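I opened this model to look up its overall build, its ligand shells and a few single residues. The entries follow in the order in which I made them.

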Amino acid sequence: MIISIASGKGGTGKTTVAVNLALSLHNVQFLDCDVEEPNAHLFLKPEIHSQNIATIPIPQVDEALCDYCGKCREICAYNAIAIFPGKENARGSVLVFPHLCHGCGGCSLFCPRSAISEIPREIGIIEQGYSGDIEFIHGKLNIGEIMSPPLIRQVKAYTNPEKTVIIDSPPGTSCPVIGSVRGSDFCILVTEPTPFGLYDMTLAVEVLEKLRIPFGVVINRSTIGNRSIDEYCRIKNIPILMHIPFEREIASLYSQGIPFVREKNEYRKKFHDIVRLSEIQQMVYRK
Ligand code: SF4
Ligand code: SF4
């Protein structure tokens, strides 16, 4: 079973929920797909056993073979190639913009003169290890790098279907989030009871409905703010999986990098119940 943890906005406690859920279950694989700012390792403190460089293939043009037909530029949806045909007898040139290239391979596939080969460009690293019996994998995007979806795909390629896979997805509702949650059996949306929390959550709900992924909501810091999330969920018939109150002890543990289930054992059962509820939700969704 694959459970992704998402949130319409940052700072709602998404990673807190992901980490505490992982620690409450058995036979877990944890994938931190928040590759621009991975921080689950600060709480799970895994022992890293392997590091792999993550790359994407980018085009390299052999201008001796190229006739500047422009096919590669037409095919590229990301404007990562520019063609400057030569005037009169002068040679033209082809410019590749590596940081715009998504490594889709389309240009080399469609080049009629086989003038394009591919070379790897490093975008980050993937580290793998263990935190107790939790298998831990995270991707770290290089500083200044914008190409997070390919790295997220590479982290997700480690998915082990024999385990309960927990995916900590990036915040928001853009491409990296969609890439992270796509293929999940269930998604936990973490939010907070504020006007911003509600607004961003409604966007996330739309995304999950479009992707047809069953989901439920965890309201973090539920004892501050207002009841607008509860009301929204009631009207939309969205299950509220858990309320996590705003408590000094939880905040204090967080600030020390200690997942709260380590000290507050009663929450382990609550997280367990979320998984059982998510299984029921999946069945209902498939009917
Ligand atoms: S498609 Fe091939 S031949 Fe045409 S401009 Fe691009 S690299 Fe050159
Ligand atoms: S690999 Fe894809 S994204 Fe990169 S330049 Fe070629 S067509 Fe564009």
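For the ligand shells I took a residue as near a molecule if its C-beta atom, placed from the backbone, lies within 6 Å of it. I note at the start that this is a predicted model.

Entry, ligand 2. I looked up which residues come nearest to ligand 2. Of the 14 residues around it, these are Cys76, Ala80, Cys101, Cys104 and Cys107. I then sorted the shell of ligand 2 by class and got ten nonpolar residues, four polar ones and no charged ones. For the elements behind this shell, I found that strand S3, residues 47-61, and helix H4, residues 106-110, each give at least two residues.

Entry, ligand 1. I repeated the search and again had 14 residues around the ligand, with Cys66, Cys69, Lys71, Cys72 and Cys111 coming nearest. By class, the shell of ligand 1 holds ten nonpolar residues, one polar residue and three charged residues.

Entry, whole chain. I counted ten helices and eleven strands in the protein. The C-alpha trace spans about 75 × 45 × 35 Å along its principal axes. Of the 287 residues, 41% are buried. I also took the contacts between residues at least 6 apart in sequence, and 74% of these join residues at least 24 apart.

Entry, domains. The domain assignment gives domain 1 as 2-54 + 124-286 and domain 2 as 56-121. I computed the C-alpha centres of domain 1 and domain 2 to be 39 Å apart.

Entry, strands. I followed S3 to its pairing with strand S6, residues 116-131, and found the two antiparallel and joined by 14 bridges. One bridge I noted sets Ile56 against Arg121 in S6. S6 also pairs with S7, in the antiparallel sense, over eight bridges. There, Gln128 has Ile137 in S7 as its bridge partner. The hairpin of S6 and S7 has two residues between the strands, and in it Gly132 takes a positive phi near 60°.

Entry, Lys140. I located Lys140 in strand S7, residues 134-141. Is Lys140 buried or exposed? I counted 21 other C-beta atoms within 10 Å of Lys140, so this lysine is buried, the cut-off for buried being 20 or more. Leaving out residues up to four places away in sequence, I found that Lys140 touches Val35, Pro38, Gly124 and Ile125. I also checked Lys140 against Pro120: they are 20 residues apart in sequence and 17 Å apart in space, C-alpha to C-alpha.

Entry, positive phi outside glycine. I looked at Asn27 and found its phi near 55°, a positive value in a residue other than glycine. Asn27 sits in the loop between helix H1, residues 14-24, and strand S2, residues 28-32. Asn27 counts as exposed because it has 11 C-beta neighbours inside 10 Å, where 12 or fewer is the limit for exposed.

Tyr68 is another residue other than glycine with a positive phi, here near 60°. I placed Tyr68 in the loop between S3 and helix H3, residues 71-75. With 18 C-beta neighbours inside 10 Å, Tyr68 counts as partly exposed.

Note on methods
Residues numbered from 1 in each chain as written. Chains lettered and ligands numbered in written order. Predicted model: local features only at pLDDT ≥ 70, side-chain atom pairs only at ≥ 80, totals over all residues. Nonpolar A, V, L, I, M, F, W, Y, C, P; charged D, E, K, R; others polar. Helix = DSSP H or I, 4+ residues; strand = E, 2+ residues; numbered from the N terminus. Domains from an automatic or database assignment. Contact = placed C-beta atoms within 7 Å. Pairing = 2+ DSSP bridges.
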